[in-house]
Amino acid sequence: MKFLPISFLILALATVIALADDPSPLQDICVATNDLESGVFVNGKFCKDPKQATADDFVFMGLRNPGHTSNPLGSKVTQAFVDQFPGLNTLGISMARIDFVPGGLNPPHTHPRGTELLIVVEGTLLVGFVTSDQLNNTLFTKVLYKGDVFVFPIGLIHFQLNIGNTYALSFSSFSSQNPGLITIANAVFGAKPPISADVLTKAFQLDKKVIEYLEAQFWYDNN
C-alpha cells in the first residue's frame, strides 16, 4: 500500500499528458459538418457521415492569395483552422498564412491550445516569444530570413514583425485543429464589456486617464 500514492501520481501525470493536445481520432475520417441531425459530436465539431465525404472535404484553397494588408497593423493572417477547413476535424493540425507589408506587425498574441511552427517564405522577420513567470518572463527573439523556421511554444505570448524593406510572407502550422487566438492588446483593452479601469490602472501602474484612452481605441483584428 505504500506505493499507492506514487501510482496515483503516475496516473495523474499520464492523464495530464494524454489531455495535452487534441483528442486522437477514433475513426479514419471525421469531416466537420453543420448538419446536426446526421452528425456525431467529436472534438468540438459534428462529423459528417464518412460515407458522404468527398475529396473536396480534404482540400483548402484559401491560402493561395495574399491577404489584405491595408490596415493599421500592416499584416493579415489567413487561417486554415477547422472552421475554415472541415477536413482537419480530429486530426490535431492546422495552418495559417501571414502577409506583411514593410513594417507590418502580427502583434503580441497567444494560441492557448497549440504550438506554432513558422517558416519564412519571403522577406525578413523579427520574431520572438516571452516565457512565463517561472522563467522570469524571458524574451527569446531572432531575425529570420527566407527558409528559416522558428517554433513558438504553446500558450506563450509571441509576435512577428517585418523589419525588411519589402513584402514578407510566412506560413505557420499548429499542433491543434483549433489552436485559438488571444491578441493581448485586444483582450486587455478591447474586452466587452470593458475591464474596470481601476483594475487596469493598478495592474499597469498607469494614470487612469491613460487606461481610459487605451480602452477607447479601436483595436484592429488582423485575422
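A residue counts as buried when its relative accessible area is under 20%. I applied this cut-off to a predicted model.

**Entry 1: aromatic pairs.** I searched the whole structure for aromatic pairs and noted six. I then looked up the rings of Phe-81 and Phe-174, whose centres are 5.4 Å apart and whose planes stand at 85 degrees, so I recorded the pair as edge-to-face. Phe-81 belongs to the loop between strand S4 (75-80) and strand S5 (94-100), and Phe-174 to strand S12 (residues 168-174); the pair therefore ties together parts 93 residues apart in sequence. Phe-81 has a relative accessible area of 6%, which means that it is buried. For Phe-174 I also noted 6%, hence buried.

**Entry 2: a stacked pair.** I found the ring centres of Phe-129 and Phe-140 at 5.3 Å and the planes at 20 degrees, so this pair is stacked. Phe-129 lies in strand S8 (residues 125-130) and Phe-140 in strand S9, so parts 11 residues apart in sequence are tied together. I recorded Phe-129 as buried at 11%, and Phe-140 as partly exposed at 41%.

Entry 3: I traced an open sheet of five strands with antiparallel pairing, in the order S9-S8-S11-S6-S13. Strand S9 (139-144) and strand S13 (182-183) are at the edges with a single partner strand each, so one side of each lacks a neighbour in the sheet. I noted two bridges between S13 and strand S6 (residues 105-110); Thr-110 has Ile-182 in S13 as its bridge partner.

**Entry 4: Leu-206.** I located Leu-206 in the loop between helix H3 (197-204) and helix H4 (208-215). Its relative accessibility is 35%, so I recorded Leu-206 as partly exposed.

Notes. Residues numbered from 1 in each chain as written. Predicted model: local features only at pLDDT ≥ 70, side-chain atom pairs only at ≥ 80, totals over all residues. Heavy atoms only, no water. Helix = DSSP H or I, 4+ residues; strand = E, 2+ residues; numbered from the N terminus. Buried < 20%, exposed > 50% of the residue type's maximum accessible area, 1.4 Å probe, protein only. Pairing = 2+ DSSP bridges. Phe/Tyr/Trp six-rings, centres within 6.5 Å; stacked < 30°, edge-to-face > 60°.
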